[in-house]
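Me: I would like to learn how to read a few features of a protein model, taking them one at a time. Could you give me the general idea in each case and then turn to the structure itself?

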Amino acid sequence: MPEKKKKFSVIFVCTGNTCRSPMAEFMFKAYLKEKGALSEYAVSSAGLYARRGDVMSENADRALTFLNVAHTQKKARVFTAGMALDNDLVVAMSERHAVECGEVNNICTFRDLGSVTPISDPYGGSLQDYLDCAAQMRACFDNLRILCEKIKSGK
């Protein structure tokens, strides 16, 4: 029986797992689907200070709907050190988030992926703030996929 190929796992991390990281999760899944590569990846998200039971913010939900990104109303998950070990790549919204993830060697930030600034936190902002945040993250997805492919190939 052929060996089942392991999916490359990516986890997005922000503060509360109600705005940026779930938006990045669903948007990256949509991006991978568009590229015909979704089946090769496992994509998730978590928050450093997430409160169990919180759900994605209303404007995050509205922004994803506006962008025609398939998504569910996921519940927030708390990021743990085990998640860093269980995933091939941890993608942090900012340098502060990266530091707070702990001593892990499989982490990058959106600045590492080409963003001029850390991903701004739209929490409590307008729908336009969320759409701007989404555009900032989406602009880095080509570089993120290139990084994932480099890691997968061991280069």
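Reply: What follows goes through pockets, a helix contact and a salt bridge in this predicted model.

Me: How much space lies in the largest pocket, and which residues lie nearest its centre?

Reply: In general, rolling a probe the size of a water molecule over the atoms shows where empty space is left. Here the largest pocket holds about 260 Å³ of space, and of the 16 residues that line this pocket, those nearest its centre are Gly16, Thr18, Cys19, Asp54 and Tyr123. Sorted by class, the lining of the largest pocket has 7 nonpolar, 5 polar and 4 charged residues.

Me: What volume does the second largest pocket have, and which residues line it?

Reply: The second largest pocket has a volume of about 180 Å³, and its lining includes Lys5, Lys6, Lys7 and Phe8, together with Ser39, Glu40, Asp88, Ile151 and Lys152. By class, this second lining divides into 6 charged, 2 nonpolar and 1 polar residues.

Me: At what angle do helix H1 and helix H6 pack?

Reply: Helix H1, which covers residues 20-34, packs against helix H6, residues 141-153, at an angle of about 75°, and their axes are 11 Å apart. Angles of 65 to 115 degrees count as roughly perpendicular, so H1 is roughly perpendicular to H6. On the H1 side the contact is made by Ala24, Met27, Phe28, Tyr31 and Leu32, while H6 contributes Phe141, Asp142, Leu144 and Arg145. The residues of this contact of H1 with H6 comprise 7 nonpolar and 2 charged, with no polar ones.

Me: How many salt bridges does the structure hold, and which parts does the pair Glu34 and Arg138 tie together?

Reply: As a general idea, side chains of opposite charge can pair when their charged atoms come close. The structure holds 10 salt bridges, and one of them joins the side chains of Glu34 and Arg138, at 4.0 Å from N to O. Because Glu34 lies in helix H1 and Arg138 in helix H5 (residues 127-138), this pair ties together parts that are 104 residues apart in sequence.

Terms used:
Residues are numbered from 1 along each chain as its sequence is written. This is a predicted model: local features need pLDDT of at least 70, side-chain atom pairs count only at pLDDT 80 or more; totals for chains, interfaces and linings use all residues. Side-chain values use heavy atoms; hydrogens and water are left out. On a 1 Å grid over the protein atoms alone, a cavity is a set of points where a 1.4 Å probe fits but cannot get out, and a pocket is an open set with protein on both sides within 12 Å along at least five of seven lines; lining residues have an atom within 4 Å of a point. Grid points are joined across faces, edges and corners, and a volume is the space filled by probe spheres set on the points. Ala, Val, Leu, Ile, Met, Phe, Trp, Tyr, Cys and Pro count as nonpolar, Asp, Glu, Lys and Arg as charged, and the others, Gly among them, as polar. Axes are lines fitted to C-alpha atoms, for helices over the stretch in contact, and angles run from 0 to 180 degrees between N-to-C directions. Helices (H or I, at least four residues) and strands (E, at least two) are DSSP runs, numbered from the N terminus. Angles under 35 degrees count as roughly parallel, over 145 as roughly antiparallel, 65 to 115 as roughly perpendicular and the rest as oblique. Contact means heavy atoms within 4.5 Å.
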